[in-house]
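The entries below follow the order in which I looked things up.

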Amino acid sequence: MEAKANGPKEDQLTPSIDGPSNPMVTPLLTDLYQFTMAYAYWKAGKHLERAVFDLFFRKNPFGGEYTIFAGLEECIRFIANFKLSEDEINFIRSSLPPNCEDGFFDYLRGIDCSDVEVCAIPEGSVVFPKIPLLRIEGPVALVQLLETPFVNLVNYASLVATNAARHRFVAGKSKMLLEFGLRRAQGPDGGISASKYCYMGGFDATSNVAAGRLFGIPLRGTHSHAFVSSFMSLDEIVDKSIRSSDGSSICEDFVSLVQTWLSKIQVTHSLHGIFGETNQSELAAFISYALAFPTSFLALVDTYDVMKSGIPNFCAVALALADLGYKAVGIRLDSGDLAYLSSVSRKFFCAIEKEFEVPGFGKMSITASNDLNEETLDALNKQGHEVDAFGIGTYLVTCYAQAALGCVFKLVEINNQPRIKLSEDVSKVSIPCKKRCYRLYGKEGYPLVDIMTGENEPPPKAAERILCRHPFNESKRAYVVPQQVEELLSCYWPGGSGKTREELPPLKKIRDRCMRQLDQMRPDHMRRLNPTPYKVSVSAKLYDFIHFLWLNEAPVGELQ
(Lines give C-alpha, C1' and ligand atoms only; values in the text may rest on other atoms or scores of the structure.)
Protein backbone atom coordinates (compact mmCIF):
# COMPACT_ATOMS: atom_id res chain seq x y z
CA MET A 1 0.00 0.00 0.00
CA GLU A 2 1.37 3.41 -0.95
CA ALA A 3 1.98 5.76 1.97
CA LYS A 4 -0.04 8.96 1.94
CA ALA A 5 1.66 12.35 2.04
CA ASN A 6 0.13 13.54 5.32
CA GLY A 7 1.55 12.81 8.77
CA PRO A 8 4.65 14.54 10.17
CA LYS A 9 5.86 17.57 8.32
CA GLU A 10 8.86 17.26 6.03
CA ASP A 11 11.19 19.22 8.33
CA GLN A 12 10.91 16.41 10.90
CA LEU A 13 12.69 14.12 8.45
CA THR A 14 10.37 11.23 9.37
CA PRO A 15 10.33 8.53 6.68
CA SER A 16 6.93 7.82 5.13
CA ILE A 17 5.05 4.91 6.67
CA ASP A 18 2.55 2.75 4.81
CA GLY A 19 -1.09 2.93 5.80
CA PRO A 20 -2.85 0.28 7.92
CA SER A 21 -2.90 -3.29 6.60
CA ASN A 22 -6.70 -3.13 6.50
CA PRO A 23 -7.99 -0.29 4.26
CA MET A 24 -11.12 -0.11 6.43
CA VAL A 25 -8.98 1.46 9.19
CA THR A 26 -9.71 5.13 8.48
CA PRO A 27 -10.51 8.13 10.71
CA LEU A 28 -14.18 7.10 10.47
CA LEU A 29 -13.44 3.78 12.18
CA THR A 30 -14.48 5.31 15.47
CA ASP A 31 -17.51 5.84 17.70
CA LEU A 32 -19.83 8.76 16.99
CA TYR A 33 -19.26 10.20 20.44
CA GLN A 34 -15.64 10.91 19.54
CA PHE A 35 -16.88 13.40 16.93
CA THR A 36 -19.58 14.83 19.20
CA MET A 37 -16.93 15.37 21.91
CA ALA A 38 -14.57 16.88 19.34
CA TYR A 39 -17.27 19.37 18.38
CA ALA A 40 -18.00 20.19 22.01
CA TYR A 41 -14.26 20.70 22.68
CA TRP A 42 -14.04 22.96 19.63
CA LYS A 43 -17.17 24.90 20.59
CA ALA A 44 -15.75 25.46 24.09
CA GLY A 45 -12.36 26.52 22.71
CA LYS A 46 -10.67 23.55 24.42
CA HIS A 47 -9.83 21.49 21.34
CA LEU A 48 -6.13 22.45 21.26
CA GLU A 49 -5.47 21.91 24.98
CA ARG A 50 -2.59 19.50 25.51
CA ALA A 51 -3.79 16.18 26.92
CA VAL A 52 -2.19 12.87 27.88
CA PHE A 53 -4.06 9.57 27.61
CA ASP A 54 -2.99 6.07 28.71
CA LEU A 55 -4.09 2.93 26.87
CA PHE A 56 -3.98 -0.06 29.23
CA PHE A 57 -5.97 -3.08 30.41
CA ARG A 58 -7.16 -4.08 33.86
CA LYS A 59 -6.95 -7.87 33.94
CA ASN A 60 -4.88 -10.55 32.18
CA PRO A 61 -6.91 -12.81 29.90
CA PHE A 62 -7.65 -16.56 30.01
CA GLY A 63 -7.19 -16.79 33.78
CA GLY A 64 -3.45 -16.23 33.30
CA GLU A 65 -0.97 -13.75 34.71
CA TYR A 66 0.58 -12.28 31.56
CA THR A 67 -0.41 -10.69 28.26
CA ILE A 68 1.41 -10.18 24.95
CA PHE A 69 1.22 -6.60 23.65
CA ALA A 70 0.38 -6.49 19.95
CA GLY A 71 -1.08 -4.00 17.48
CA LEU A 72 1.43 -1.16 17.89
CA GLU A 73 2.60 -1.13 14.27
CA GLU A 74 -0.96 -0.80 13.00
CA CYS A 75 -1.57 2.12 15.40
CA ILE A 76 1.51 3.93 14.09
CA ARG A 77 0.52 3.23 10.49
CA PHE A 78 -2.90 4.70 11.27
CA ILE A 79 -1.67 7.99 12.74
CA ALA A 80 1.07 8.34 10.10
CA ASN A 81 -1.69 8.49 7.49
CA PHE A 82 -4.45 10.16 9.51
CA LYS A 83 -6.28 12.67 7.33
CA LEU A 84 -10.01 13.19 6.81
CA SER A 85 -11.10 13.31 3.17
CA GLU A 86 -13.78 15.72 1.94
CA ASP A 87 -16.23 12.83 1.54
CA GLU A 88 -15.57 11.73 5.11
CA ILE A 89 -16.08 15.27 6.42
CA ASN A 90 -19.35 15.55 4.49
CA PHE A 91 -20.53 12.29 6.05
CA ILE A 92 -19.63 13.54 9.54
CA ARG A 93 -21.55 16.75 8.81
CA SER A 94 -24.62 14.71 7.84
CA SER A 95 -24.32 12.61 11.00
CA LEU A 96 -24.13 15.54 13.45
CA PRO A 97 -26.99 17.90 14.33
CA PRO A 98 -27.59 20.60 11.69
CA ASN A 99 -26.72 23.40 14.11
CA CYS A 100 -23.01 22.41 14.13
CA GLU A 101 -21.01 25.37 12.85
CA ASP A 102 -19.05 25.29 9.59
CA GLY A 103 -15.86 26.31 11.39
CA PHE A 104 -15.69 22.88 13.04
CA PHE A 105 -15.56 21.15 9.67
CA ASP A 106 -12.83 23.56 8.54
CA TYR A 107 -10.95 22.47 11.68
CA LEU A 108 -11.39 18.80 10.72
CA ARG A 109 -9.98 19.51 7.25
CA GLY A 110 -6.75 20.77 8.76
CA ILE A 111 -5.94 18.12 11.35
CA ASP A 112 -3.32 15.40 11.12
CA CYS A 113 -1.13 13.75 13.75
CA SER A 114 1.99 15.84 13.28
CA ASP A 115 1.52 17.27 16.80
CA VAL A 116 0.72 13.95 18.50
CA GLU A 117 3.38 12.06 20.47
CA VAL A 118 3.03 8.31 21.00
CA CYS A 119 5.24 6.40 23.43
CA ALA A 120 4.73 2.68 23.78
CA ILE A 121 6.09 -0.57 25.09
CA PRO A 122 7.77 -2.47 22.21
CA GLU A 123 5.38 -4.74 20.36
CA GLY A 124 5.71 -8.40 21.31
CA SER A 125 6.53 -7.59 24.94
CA VAL A 126 5.07 -9.41 27.93
CA VAL A 127 2.89 -6.85 29.70
CA PHE A 128 0.70 -6.59 32.77
CA PRO A 129 -2.43 -4.79 33.98
CA LYS A 130 -2.44 -1.04 34.76
CA ILE A 131 0.87 -0.39 32.96
CA PRO A 132 0.30 1.93 29.95
CA LEU A 133 0.84 0.04 26.70
CA LEU A 134 0.70 3.34 24.85
CA ARG A 135 0.86 6.92 26.10
CA ILE A 136 -0.68 9.36 23.65
CA GLU A 137 -0.11 13.11 24.03
CA GLY A 138 -1.54 15.84 21.84
CA PRO A 139 -4.47 18.22 21.28
CA VAL A 140 -7.34 16.78 23.30
CA ALA A 141 -9.97 16.72 20.54
CA LEU A 142 -7.64 15.02 18.08
CA VAL A 143 -6.38 12.44 20.56
CA GLN A 144 -9.97 11.52 21.43
CA LEU A 145 -10.52 10.77 17.74
CA LEU A 146 -7.70 8.20 18.03
CA GLU A 147 -9.20 6.42 21.04
CA THR A 148 -11.56 3.93 19.40
CA PRO A 149 -9.28 2.88 16.53
CA PHE A 150 -6.32 2.49 18.90
CA VAL A 151 -8.30 0.35 21.34
CA ASN A 152 -9.69 -1.67 18.42
CA LEU A 153 -6.24 -2.25 16.91
CA VAL A 154 -4.67 -3.31 20.22
CA ASN A 155 -7.48 -5.25 21.87
CA TYR A 156 -7.92 -8.30 19.62
CA ALA A 157 -4.28 -8.28 18.51
CA SER A 158 -3.05 -8.60 22.09
CA LEU A 159 -5.73 -11.11 23.02
CA VAL A 160 -5.02 -13.53 20.16
CA ALA A 161 -1.23 -13.14 20.48
CA THR A 162 -1.59 -14.07 24.15
CA ASN A 163 -3.79 -17.02 23.23
CA ALA A 164 -1.13 -18.19 20.77
CA ALA A 165 1.61 -17.79 23.39
CA ARG A 166 -0.39 -19.88 25.87
CA HIS A 167 -0.81 -22.64 23.28
CA ARG A 168 2.92 -22.51 22.57
CA PHE A 169 3.70 -22.78 26.30
CA VAL A 170 1.54 -25.91 26.66
CA ALA A 171 2.76 -27.54 23.43
CA GLY A 172 6.43 -26.96 24.27
CA LYS A 173 9.21 -25.50 22.17
CA SER A 174 9.88 -28.65 20.14
CA LYS A 175 6.44 -28.94 18.52
CA MET A 176 5.42 -27.15 15.35
CA LEU A 177 2.26 -25.06 15.72
CA LEU A 178 0.19 -24.33 12.63
CA GLU A 179 -2.61 -21.76 12.59
CA PHE A 180 -5.56 -23.19 10.65
CA GLY A 181 -8.28 -20.75 11.73
CA LEU A 182 -9.19 -18.70 8.66
CA ARG A 183 -12.47 -20.46 7.86
CA ARG A 184 -13.71 -20.14 11.45
CA ALA A 185 -12.47 -16.60 12.14
CA GLN A 186 -14.82 -13.65 12.63
CA GLY A 187 -14.73 -12.35 9.09
CA PRO A 188 -11.83 -11.60 6.73
CA ASP A 189 -10.09 -9.12 9.04
CA GLY A 190 -10.43 -11.53 11.98
CA GLY A 191 -8.73 -14.17 9.86
CA ILE A 192 -5.91 -11.93 8.62
CA SER A 193 -5.26 -10.43 12.06
CA ALA A 194 -5.32 -13.85 13.72
CA SER A 195 -2.71 -15.21 11.34
CA LYS A 196 -0.40 -12.24 11.94
CA TYR A 197 -0.67 -12.17 15.71
CA CYS A 198 -0.66 -15.95 16.22
CA TYR A 199 2.66 -15.99 14.38
CA MET A 200 3.86 -13.20 16.66
CA GLY A 201 2.72 -15.22 19.69
CA GLY A 202 4.75 -18.28 18.77
CA PHE A 203 3.03 -20.20 15.97
CA ASP A 204 5.29 -21.38 13.16
CA ALA A 205 3.08 -21.12 10.08
CA THR A 206 -0.41 -20.43 8.78
CA SER A 207 -2.75 -21.88 6.19
CA ASN A 208 -3.86 -18.33 5.28
CA VAL A 209 -2.39 -17.48 1.88
CA ALA A 210 -3.31 -13.78 2.06
CA ALA A 211 -1.57 -13.43 5.43
CA GLY A 212 1.47 -15.22 4.04
CA ARG A 213 1.68 -12.67 1.24
CA LEU A 214 1.02 -9.63 3.43
CA PHE A 215 3.27 -10.48 6.36
CA GLY A 216 5.78 -13.05 5.10
CA ILE A 217 4.44 -15.79 7.39
CA PRO A 218 5.43 -19.35 6.32
CA LEU A 219 2.55 -21.25 4.70
CA ARG A 220 1.52 -24.85 5.36
CA GLY A 221 -1.26 -27.02 3.96
CA THR A 222 -1.84 -30.15 1.93
CA HIS A 223 -5.27 -31.60 1.18
CA SER A 224 -8.68 -32.27 2.74
CA HIS A 225 -10.99 -35.28 3.05
CA ALA A 226 -12.74 -34.03 -0.09
CA PHE A 227 -9.62 -34.65 -2.15
CA VAL A 228 -9.36 -38.23 -0.85
CA SER A 229 -13.04 -39.06 -1.31
CA SER A 230 -13.11 -37.51 -4.81
CA PHE A 231 -11.22 -40.55 -6.16
CA MET A 232 -13.07 -43.75 -6.96
CA SER A 233 -10.35 -46.13 -8.16
CA LEU A 234 -6.77 -46.47 -9.35
CA ASP A 235 -8.03 -46.40 -12.94
CA GLU A 236 -8.49 -42.63 -12.65
CA ILE A 237 -4.71 -42.14 -12.60
CA VAL A 238 -3.83 -41.52 -16.24
CA ASP A 239 -0.24 -40.32 -16.12
CA LYS A 240 1.59 -42.81 -13.89
CA SER A 241 5.13 -41.68 -14.60
CA ILE A 242 7.44 -39.83 -12.25
CA ARG A 243 11.05 -38.72 -12.57
CA SER A 244 13.52 -39.70 -9.84
CA SER A 245 14.66 -36.97 -7.45
CA ASP A 246 18.08 -36.68 -9.11
CA GLY A 247 16.51 -36.59 -12.58
CA SER A 248 18.55 -39.57 -13.76
CA SER A 249 15.64 -41.89 -14.52
CA ILE A 250 11.88 -42.10 -14.99
CA CYS A 251 9.55 -44.58 -13.31
CA GLU A 252 6.91 -45.25 -15.98
CA ASP A 253 4.40 -46.94 -13.66
CA PHE A 254 4.47 -45.43 -10.17
CA VAL A 255 1.12 -47.09 -9.38
CA SER A 256 2.57 -50.56 -9.82
CA LEU A 257 5.58 -49.64 -7.66
CA VAL A 258 3.21 -48.51 -4.90
CA GLN A 259 1.13 -51.69 -5.20
CA THR A 260 4.29 -53.79 -4.93
CA TRP A 261 5.21 -52.03 -1.70
CA LEU A 262 1.69 -52.42 -0.33
CA SER A 263 1.88 -56.16 -0.96
CA LYS A 264 5.24 -56.34 0.83
CA ILE A 265 3.79 -54.51 3.83
CA GLN A 266 0.78 -56.82 3.94
CA VAL A 267 2.95 -59.94 4.25
CA THR A 268 5.43 -58.40 6.71
CA HIS A 269 5.46 -60.56 9.83
CA SER A 270 5.87 -57.67 12.29
CA LEU A 271 2.80 -55.94 10.86
CA HIS A 272 0.67 -59.08 10.48
CA GLY A 273 -2.94 -58.69 11.53
CA ILE A 274 -3.01 -54.89 11.64
CA PHE A 275 -4.76 -54.56 8.28
CA GLY A 276 -6.02 -56.54 5.30
CA GLU A 277 -7.27 -54.93 2.12
CA THR A 278 -6.92 -51.14 2.16
CA ASN A 279 -9.29 -48.67 0.55
CA GLN A 280 -8.16 -48.43 -3.06
CA SER A 281 -9.81 -45.09 -3.77
CA GLU A 282 -7.82 -43.62 -0.87
CA LEU A 283 -4.68 -45.18 -2.31
CA ALA A 284 -5.48 -43.56 -5.66
CA ALA A 285 -5.79 -40.17 -3.95
CA PHE A 286 -2.46 -40.60 -2.15
CA ILE A 287 -0.68 -41.67 -5.34
CA SER A 288 -2.12 -38.71 -7.25
CA TYR A 289 -1.03 -36.30 -4.57
CA ALA A 290 2.46 -37.82 -4.46
CA LEU A 291 2.74 -37.53 -8.23
CA ALA A 292 1.84 -33.84 -7.92
CA PHE A 293 4.07 -33.16 -4.88
CA PRO A 294 6.78 -35.81 -4.62
CA THR A 295 9.07 -33.57 -2.53
CA SER A 296 6.40 -32.62 0.05
CA PHE A 297 4.06 -35.58 0.28
CA LEU A 298 1.92 -35.40 3.44
CA ALA A 299 -1.31 -37.40 3.58
CA LEU A 300 -4.54 -37.03 5.56
CA VAL A 301 -5.03 -40.62 6.71
CA ASP A 302 -8.36 -40.70 8.57
CA THR A 303 -10.91 -40.46 5.73
CA TYR A 304 -11.83 -44.17 6.04
CA ASP A 305 -9.80 -45.97 8.72
CA VAL A 306 -6.45 -44.82 10.04
CA MET A 307 -4.75 -48.13 10.87
CA LYS A 308 -6.56 -50.47 8.46
CA SER A 309 -6.19 -48.25 5.42
CA GLY A 310 -4.72 -44.76 5.79
CA ILE A 311 -1.37 -45.66 7.37
CA PRO A 312 -0.61 -48.72 5.15
CA ASN A 313 -1.58 -46.77 2.03
CA PHE A 314 0.60 -43.84 3.08
CA CYS A 315 3.56 -46.10 3.83
CA ALA A 316 3.30 -47.84 0.46
CA VAL A 317 3.39 -44.50 -1.36
CA ALA A 318 6.18 -43.17 0.90
CA LEU A 319 8.32 -46.30 0.30
CA ALA A 320 7.78 -46.01 -3.45
CA LEU A 321 8.88 -42.39 -3.29
CA ALA A 322 11.94 -43.43 -1.27
CA ASP A 323 12.91 -45.83 -4.08
CA LEU A 324 13.09 -42.77 -6.33
CA GLY A 325 15.11 -40.70 -3.88
CA TYR A 326 12.26 -38.69 -2.36
CA LYS A 327 11.45 -38.40 1.34
CA ALA A 328 7.79 -38.17 2.32
CA VAL A 329 6.92 -35.56 4.96
CA GLY A 330 4.37 -37.48 7.02
CA ILE A 331 0.70 -37.76 7.90
CA ARG A 332 -2.13 -35.71 9.37
CA LEU A 333 -4.70 -37.04 11.84
CA ASP A 334 -7.95 -35.08 11.97
CA SER A 335 -10.19 -37.26 14.14
CA GLY A 336 -10.25 -40.03 16.71
CA ASP A 337 -8.05 -40.66 19.74
CA LEU A 338 -5.05 -38.58 18.76
CA ALA A 339 -2.80 -39.85 21.56
CA TYR A 340 -3.46 -43.50 20.68
CA LEU A 341 -3.46 -43.08 16.90
CA SER A 342 -0.24 -41.06 16.88
CA SER A 343 1.47 -43.68 19.06
CA VAL A 344 0.43 -46.68 16.99
CA SER A 345 1.27 -44.80 13.78
CA ARG A 346 4.75 -44.13 15.13
CA LYS A 347 5.18 -47.83 15.96
CA PHE A 348 4.08 -48.72 12.43
CA PHE A 349 6.63 -46.30 10.94
CA CYS A 350 9.40 -47.68 13.16
CA ALA A 351 8.49 -51.24 12.14
CA ILE A 352 8.69 -50.22 8.47
CA GLU A 353 12.09 -48.63 9.03
CA LYS A 354 13.41 -51.74 10.73
CA GLU A 355 11.85 -54.23 8.32
CA PHE A 356 12.87 -52.54 5.08
CA GLU A 357 15.95 -50.68 6.32
CA VAL A 358 14.74 -47.22 5.31
CA PRO A 359 16.69 -44.71 7.43
CA GLY A 360 14.56 -42.03 9.10
CA PHE A 361 11.19 -43.59 8.24
CA GLY A 362 10.37 -44.02 11.93
CA LYS A 363 10.73 -40.27 12.41
CA MET A 364 8.03 -39.47 9.86
CA SER A 365 6.19 -36.30 10.91
CA ILE A 366 2.76 -36.68 12.51
CA THR A 367 0.45 -33.67 12.45
CA ALA A 368 -2.77 -33.56 14.47
CA SER A 369 -5.76 -31.26 14.06
CA ASN A 370 -9.50 -31.48 15.00
CA ASP A 371 -10.72 -28.67 17.32
CA LEU A 372 -7.61 -28.53 19.44
CA ASN A 373 -7.16 -26.05 22.28
CA GLU A 374 -5.02 -25.50 25.38
CA GLU A 375 -6.90 -28.15 27.34
CA THR A 376 -6.60 -30.85 24.67
CA LEU A 377 -2.89 -30.13 24.23
CA ASP A 378 -2.42 -30.45 27.98
CA ALA A 379 -4.43 -33.69 28.03
CA LEU A 380 -2.36 -35.14 25.17
CA ASN A 381 0.83 -34.32 27.05
CA LYS A 382 -0.44 -36.13 30.12
CA GLN A 383 -1.56 -39.19 28.12
CA GLY A 384 1.63 -39.39 26.08
CA HIS A 385 1.58 -38.95 22.29
CA GLU A 386 3.78 -38.95 19.20
CA VAL A 387 2.46 -35.80 17.51
CA ASP A 388 5.11 -33.51 16.01
CA ALA A 389 2.87 -30.68 14.82
CA PHE A 390 -0.53 -29.32 15.80
CA GLY A 391 -2.95 -27.57 13.46
CA ILE A 392 -5.14 -25.33 15.59
CA GLY A 393 -8.04 -23.21 14.37
CA THR A 394 -11.38 -22.39 15.96
CA TYR A 395 -10.47 -22.10 19.64
CA LEU A 396 -7.32 -20.17 18.80
CA VAL A 397 -8.51 -17.47 16.41
CA THR A 398 -11.92 -16.89 17.99
CA CYS A 399 -10.35 -16.69 21.47
CA TYR A 400 -13.18 -18.96 22.54
CA ALA A 401 -12.14 -18.90 26.20
CA GLN A 402 -12.41 -15.08 26.44
CA ALA A 403 -14.13 -12.70 24.08
CA ALA A 404 -12.09 -9.53 24.64
CA LEU A 405 -9.11 -8.16 26.52
CA GLY A 406 -10.88 -5.05 27.78
CA CYS A 407 -8.39 -2.32 26.90
CA VAL A 408 -9.30 1.19 28.06
CA PHE A 409 -8.16 4.69 27.09
CA LYS A 410 -8.10 7.15 29.99
CA LEU A 411 -7.26 10.83 30.33
CA VAL A 412 -4.46 11.20 32.90
CA GLU A 413 -3.38 14.82 32.36
CA ILE A 414 -4.57 17.99 30.62
CA ASN A 415 -2.72 21.31 30.46
CA ASN A 416 -0.10 19.78 32.79
CA GLN A 417 -2.81 19.12 35.39
CA PRO A 418 -3.12 15.44 36.44
CA ARG A 419 -6.61 13.96 36.19
CA ILE A 420 -8.10 10.86 37.84
CA LYS A 421 -11.15 8.74 37.08
CA LEU A 422 -12.84 7.49 40.27
CA SER A 423 -15.12 4.49 40.77
CA GLU A 424 -16.71 2.52 43.58
CA ASP A 425 -14.87 -0.40 41.99
CA VAL A 426 -11.24 0.28 42.98
CA SER A 427 -9.94 -1.72 40.00
CA LYS A 428 -11.47 0.95 37.74
CA VAL A 429 -9.75 3.91 39.39
CA SER A 430 -7.21 5.32 36.93
CA ILE A 431 -3.61 6.18 37.80
CA PRO A 432 -3.18 9.91 37.11
CA CYS A 433 -0.46 12.04 35.49
CA LYS A 434 2.12 11.48 32.78
CA LYS A 435 4.22 8.55 33.96
CA ARG A 436 7.41 6.64 33.30
CA CYS A 437 7.38 2.87 33.61
CA TYR A 438 10.19 0.47 34.51
CA ARG A 439 10.74 -3.27 34.86
CA LEU A 440 12.95 -4.32 37.76
CA TYR A 441 14.94 -7.58 37.46
CA GLY A 442 16.20 -9.78 40.29
CA LYS A 443 19.42 -11.74 40.82
CA GLU A 444 18.29 -14.74 38.75
CA GLY A 445 17.49 -12.56 35.75
CA TYR A 446 13.72 -12.83 36.12
CA PRO A 447 11.50 -9.71 36.16
CA LEU A 448 10.39 -9.01 39.75
CA VAL A 449 8.02 -6.08 39.47
CA ASP A 450 6.92 -3.29 37.13
CA ILE A 451 6.85 0.18 38.69
CA MET A 452 5.28 3.45 37.56
CA THR A 453 6.71 6.80 38.63
CA GLY A 454 5.87 10.41 37.95
CA GLU A 455 7.48 11.78 34.80
CA ASN A 456 9.94 13.97 36.69
CA GLU A 457 10.92 11.50 39.41
CA PRO A 458 14.49 10.16 39.30
CA PRO A 459 14.51 6.71 37.68
CA PRO A 460 15.20 3.55 39.71
CA LYS A 461 18.83 2.46 39.59
CA ALA A 462 20.42 -0.99 39.67
CA ALA A 463 21.67 -2.01 43.13
CA GLU A 464 19.74 0.83 44.81
CA ARG A 465 16.79 0.02 47.07
CA ILE A 466 13.39 1.38 46.05
CA LEU A 467 10.01 1.13 47.76
CA CYS A 468 7.35 -0.39 45.51
CA ARG A 469 3.74 0.19 46.55
CA HIS A 470 0.43 -1.26 45.38
CA PRO A 471 -1.44 1.68 43.79
CA PHE A 472 -4.51 1.32 46.03
CA ASN A 473 -3.82 -1.20 48.82
CA GLU A 474 -2.01 0.55 51.67
CA SER A 475 -0.60 -2.64 53.23
CA LYS A 476 0.92 -4.07 50.06
CA ARG A 477 4.45 -2.69 49.72
CA ALA A 478 7.96 -4.02 49.42
CA TYR A 479 11.52 -2.81 49.05
CA VAL A 480 13.30 -4.01 45.93
CA VAL A 481 17.00 -3.88 45.11
CA PRO A 482 17.01 -4.46 41.34
CA GLN A 483 19.97 -6.00 39.56
CA GLN A 484 18.80 -4.47 36.28
CA VAL A 485 16.34 -1.70 35.40
CA GLU A 486 14.58 -1.52 32.03
CA GLU A 487 12.54 1.50 30.98
CA LEU A 488 9.45 0.24 29.19
CA LEU A 489 8.12 3.16 27.13
CA SER A 490 9.90 4.35 23.98
CA CYS A 491 8.88 7.03 21.47
CA TYR A 492 7.34 5.55 18.30
CA TRP A 493 5.77 8.78 16.99
CA PRO A 494 7.51 11.97 18.16
CA GLY A 495 5.05 14.56 16.88
CA GLY A 496 6.66 17.92 17.52
CA SER A 497 8.67 16.76 20.53
CA GLY A 498 11.95 16.38 18.64
CA LYS A 499 12.53 12.95 20.18
CA THR A 500 14.15 10.17 18.18
CA ARG A 501 11.56 7.80 16.70
CA GLU A 502 11.99 4.09 17.33
CA GLU A 503 11.87 2.08 14.11
CA LEU A 504 9.07 -0.42 13.59
CA PRO A 505 10.77 -3.85 13.39
CA PRO A 506 9.67 -6.56 10.93
CA LEU A 507 7.21 -9.19 12.15
CA LYS A 508 9.88 -11.88 12.51
CA LYS A 509 11.89 -9.68 14.91
CA ILE A 510 8.76 -8.92 16.93
CA ARG A 511 8.11 -12.66 17.16
CA ASP A 512 11.69 -13.28 18.30
CA ARG A 513 11.29 -10.59 20.96
CA CYS A 514 8.09 -12.22 22.17
CA MET A 515 9.81 -15.61 22.51
CA ARG A 516 12.73 -14.06 24.42
CA GLN A 517 10.41 -12.18 26.74
CA LEU A 518 8.43 -15.34 27.53
CA ASP A 519 11.65 -17.22 28.25
CA GLN A 520 12.64 -14.51 30.73
CA MET A 521 9.53 -14.93 32.85
CA ARG A 522 9.57 -16.89 36.09
CA PRO A 523 7.87 -20.28 35.54
CA ASP A 524 5.28 -19.81 38.29
CA HIS A 525 3.94 -16.70 36.51
CA MET A 526 3.51 -18.77 33.34
CA ARG A 527 1.82 -21.97 34.51
CA ARG A 528 -1.72 -22.71 33.33
CA LEU A 529 -3.27 -23.45 36.71
CA ASN A 530 -3.03 -21.04 39.65
CA PRO A 531 -0.19 -18.89 38.28
CA THR A 532 1.52 -16.49 40.67
CA PRO A 533 0.35 -12.90 40.05
CA TYR A 534 3.05 -10.59 38.74
CA LYS A 535 3.43 -7.43 40.81
CA VAL A 536 2.64 -4.01 39.34
CA SER A 537 3.47 -1.08 41.60
CA VAL A 538 3.89 2.66 41.88
CA SER A 539 6.62 4.69 43.57
CA ALA A 540 6.01 6.03 47.07
CA LYS A 541 5.74 9.57 45.69
CA LEU A 542 3.20 8.58 43.03
CA TYR A 543 1.24 6.56 45.61
CA ASP A 544 0.92 9.63 47.84
CA PHE A 545 -0.13 11.78 44.91
CA ILE A 546 -2.80 9.29 43.74
CA HIS A 547 -4.43 9.32 47.15
CA PHE A 548 -4.13 13.08 47.53
CA LEU A 549 -5.87 13.59 44.18
CA TRP A 550 -8.45 10.92 45.01
CA LEU A 551 -9.45 12.72 48.23
CA ASN A 552 -9.37 16.06 46.44
CA GLU A 553 -11.73 14.94 43.64
CA ALA A 554 -14.11 12.68 45.59
CA PRO A 555 -17.19 14.57 46.79
CA VAL A 556 -17.72 14.68 50.55
CA GLY A 557 -21.04 13.22 51.61
CA GLU A 558 -23.36 14.72 54.21
CA LEU A 559 -25.44 12.74 56.69
CA GLN A 560 -28.86 14.15 57.57
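I noted that helix 2 and helix 5 are roughly antiparallel to each other, because angles over 145 degrees count as roughly antiparallel. Helices are DSSP runs of H or I with at least four residues, and strands are runs of E with at least two, both numbered from the N terminus. The model is predicted: local features need pLDDT of at least 70, side-chain atom pairs count only at pLDDT 80 or more, and totals for chains, interfaces and linings use all residues. Residues are numbered from 1 along each chain as its sequence is written, and side-chain values use heavy atoms, without hydrogens and water.

I then looked up the axes of helix 2 (residues 72–80) and helix 5 (residues 140–171), which come within 9 Å and cross at roughly 150 degrees. Axes are lines fitted to C-alpha atoms over the stretch in contact, with angles from 0 to 180 degrees between N-to-C directions.

I listed the contact (heavy atoms within 4.5 Å): helix 2 contributes Glu74, Cys75, Phe78 and Ile79, and helix 5 contributes Leu146, Pro149, Phe150, Leu153 and Val154. By class, this contact of helix 2 with helix 5 has eight nonpolar, no polar and one charged residues. Ala, Val, Leu, Ile, Met, Phe, Trp, Tyr, Cys and Pro count as nonpolar, Asp, Glu, Lys and Arg as charged, and the others, Gly among them, as polar.

Conventions
Parallel < 35°, antiparallel > 145°, perpendicular 65-115°, else oblique.
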